[in-house]
Amino acid sequence: MTPSVPETCDLLIEAGFVVPVEPHAVVLEDHAVAVRDGVIVAVLPQAEARARFAPRETVSRPEAALIPGLVNAHTHNPMTLLRGVADDLPLMVWLQQHIWPVEAAVIGPEFVADGTTLAIAEMLRGGTTCANENYFFPDAQAAVYKKYGFRALVGAPVIDFPTAWARSDDEYFDRAGELHDQWRDDPLVSTAFAPHAPYTVSDANFERVRMLADQLDVPVHLHTHETAQEIADSLTQYGQRPLARLDRLGLVNDRLIAVHMTQLTEGEIHLCAERGVSVVHCPESNLKLASGFCPACALARAGVNLAIGTDGCASNNDLDMFSENRTAAILAKAVANDATALDAATTLRAATLGGARALGFGERIGSIEAGKQADLVLVDLSALETQPLHHVLSQLIYATGRHQVSDVWIAGKPKLRGRVLVDMDPDALVANARQWRDRIRHHHPA
């Protein structure tokens, strides 16, 4: 009998534990993942993998867990350069009296590109491989994400007042159309509409967003029901809660990525489930700004697709999805008054496949399955802080820090090897961040 010739593959990752996310809550011990042309071709026991494949490269980590790349489902990544500028303030004071004036002074393509670059480095070192971006100059953001091979959904902003990005309603929509045309066929960078919030976008502009989102088949990324004040103001101005107003305008559907959602009635939770809305839970930002608590457990149990995001570095103040996941899980228990709420497996799912589905990327990423893109992260669990290892999923959510991420791939390309960034210079990033600090301090003395 002729021995079978091994299949070639580009990469074989052998891990002590593979956590595929789909199927749910499964941990595969001593398994391997084979990658060819940026795509996962097989998930199988290591002995079988060694017999079947002749890989160009093998990465063997017997004490690590291999997880899908984390999806940060709501970010303002250029705001890494505003980290710590105006802390310990309520949302509207923080936004109107500090953040917006500083942005008006420094914002432009250079600020956005440099802030996005710093964010990519931070995210990669923390096991995040995809971001849902919501900020001005999305063209500059998209170019930087593409340059570093980072996966992103980039939102085209819509807001009812002039900014450095656009001076009029028509210009916001014209520029959104240009952005979509430029990136619509890109394998890594896609676009969405990012109307800022119900309190800064008119009915007419929301109707334009809805019509174009339907026509172009893109998501709508929106801060929604973030604070009690937002609800009160909407009732005064429109006689409706924001979600009811959005529903009247045709936006409550499976394109809607509703961010924060701290103020929800039971009826609104069921409406989101019925319509296929994705909700992005940003617990640390909501806690820090005292905005309220998203009923994450009630949403998940109602069947709403739940994702997790850090928000921007000016209100968190980091892009640490491991920290965010832990906070999401423990806060959900307190809010639901139920220790079983948002268990470890459900939390990891929200941070991976839930985020991928929210962004419209669910067929491509978010789980370790044959046919999906190889957006993969190795997490070293050998450190004394994560020993003894009784339950891998529990350890990943409740005891693991981002400093334990050792290796990261996006579409099969290495981005972090043994904690070292592959094509980014940390010293240059730090030096650049410091010169931005000096420029910002000129406009906003500490």
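**Close-up views of rings and charges**

R245 is buried, at a relative accessible area of 1% (buried is under 20%, exposed over 50%, partly exposed in between; 1.4 Å probe, protein chains only). The model is predicted: local features need pLDDT of at least 70, side-chain atom pairs count only at pLDDT 80 or more, and totals for chains, interfaces and linings use all residues. Residues are numbered from 1 along each chain as its sequence is written, and side-chain values use heavy atoms, without hydrogens and water.

View A. D203 and R245 form a salt bridge, with their closest N and O atoms 2.7 Å apart (a side-chain nitrogen of Lys or Arg within 4 Å of a carboxyl oxygen of Asp or Glu). The pair links distant parts of the chain, 42 residues apart: D203 is in helix α6 (residues 203–216) and R245 in helix α8 (residues 242–248). Helices (H or I, at least four residues) and strands (E, at least two) are DSSP runs, numbered from the N terminus. The charged end of R245 also sits over the ring of Y238, 3.9 Å from its centre. Such a contact needs NZ of Lys or CZ of Arg within 6 Å of the ring centre and within 35 degrees of the ring normal.

**View B. D247 and R275 form a salt bridge.** The N to O distance is 2.6 Å. D247 lies in helix α8 and R275 in helix α9 (residues 266–275), 28 residues apart. D247 is partly exposed at 27% relative accessibility. R275 is partly exposed too, at 32%.

**View C. R175 lies over the face of W165.** The distance to the ring centre is 3.7 Å.

**View D. Y145 and F150 form an aromatic pair.** A search of the whole structure finds 6 aromatic pairs. Here the ring centres are 5.7 Å apart and the planes lie at 35°, so the pair is tilted. Rings of Phe, Tyr and Trp (its six-membered ring) pair if their centres lie within 6.5 Å; planes under 30 degrees apart count as stacked, over 60 as edge-to-face and the rest as tilted. Y145 is buried at 0% relative accessibility. F150 is buried, also at 0%.

**View E. F173 and F193 form a tilted pair.** Their ring centres are 6.3 Å apart, with planes at 45°. F173 lies in helix α5 (residues 169–183) and F193 in strand β8 (residues 189–195), so the pair ties together parts 20 residues apart in sequence. F173 is buried at 5% relative accessible area, and F193 is buried at 4%.
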